[in-house]
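Hi,

Here is the structure I promised to pass on.

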Amino acid sequence: MSWIPFKIGQPKKQLVPKTVERDFEREYGKLQQLEEQTKKLQKDMKKSTDADLAMSKSAVKISSDLLNNPLCEQDAAFLDMVTAFDTAMRRMDSFNQEKVNQIQRTVMEPLKKFSSVFPSLNMAVKRREQTLQDYRRLQNKVEKYEEKERSGPVLAKLHQAREELRPVKDDFEAKNQQLLDEMPKFYMSRIDFFKPSFEALIRAQVCFYSELRSIFSQLTAQIDRPELSDEQREKENEGTISEMRALSIVGDD
């Protein structure tokens, strides 16, 4: 792994079976990908909620500016229309804030908690790799003495090297087995962890857009002139524009 700052020569003895190492790399690779996806999801959710809030705040700003426009003071019908629009935008903003608060509580905070587990997991993998390096170093040392001519001093050093090797070997095998057992369990737990959050996200969106439909239905009933079709409204606008263009102050030089 790239974050290990040193390398040790491989001993002749195969310390970790290739199939076991492949299983370990596969399971850890899945968790690394899950960590990246979780971080990306956090960022995307933050962007989404920020954009939602910005949208409703902008709508309130537009309606407020219209309400303070001098035109409203001169036309009672226009004032009623803009007042209804402003009330609708403020209701929308209020419901939007409730939705974002709910998403923050039920989705974004659980995502943050889930992400907080990965540093401990990565540290456990790092400790396993460091122990494996120690295991390799001591196995090399044992093999070195095993290849020498068997004399008293060599046998004593060989015995000492084997004694040093035994607890490190046991420690590595325990760490390795624990990770092999628990990494798949952690990976599978993501479904049970995230499912309630995304159910809550869907409910929040459904509730918000249901309220939004109600708000705009009421607004339409207040300001709409049902006797006019879209084509008639367009003709009205074109007629008004033509009258404005006929004024000398906006005529061509």
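Predicted model: local features only at pLDDT ≥ 70, side-chain atom pairs only at ≥ 80, totals over all residues.

Residues are numbered from 1 along each chain as its sequence is written, and side-chain values use heavy atoms, with hydrogens and water left out.

Helix α1 (residues 18–67) packs on helix α3 (residues 76–115) at about 165 degrees, their axes 9 Å apart. Helices here are DSSP runs (H or I, at least four residues), numbered from the N terminus. Axes are lines fitted to C-alpha atoms over the stretch in contact, with angles from 0 to 180 degrees between N-to-C directions. That makes α1 roughly antiparallel to α3 (over 145 degrees; under 35 counts as roughly parallel).

With helix α5 (residues 152–223), the α1 axis comes within 10 Å and crosses at roughly 25 degrees, which makes the two roughly parallel. Among the α1 residues that meet α5 are Val 20 and Phe 24, and Asn 176 is one of those on the α5 side (contact means heavy atoms within 4.5 Å).

Asn 176 itself is buried, at 7% relative accessible area (buried is under 20%, with a 1.4 Å probe and protein chains only). Leaving aside neighbours within four places in sequence, Asn 176 contacts Val 20, Phe 24 and Arg 128.

Cheers

Technical notes. Parallel < 35°, antiparallel > 145°, perpendicular 65-115°, else oblique. Buried < 20%, exposed > 50% of the residue type's maximum accessible area, 1.4 Å probe, protein only.
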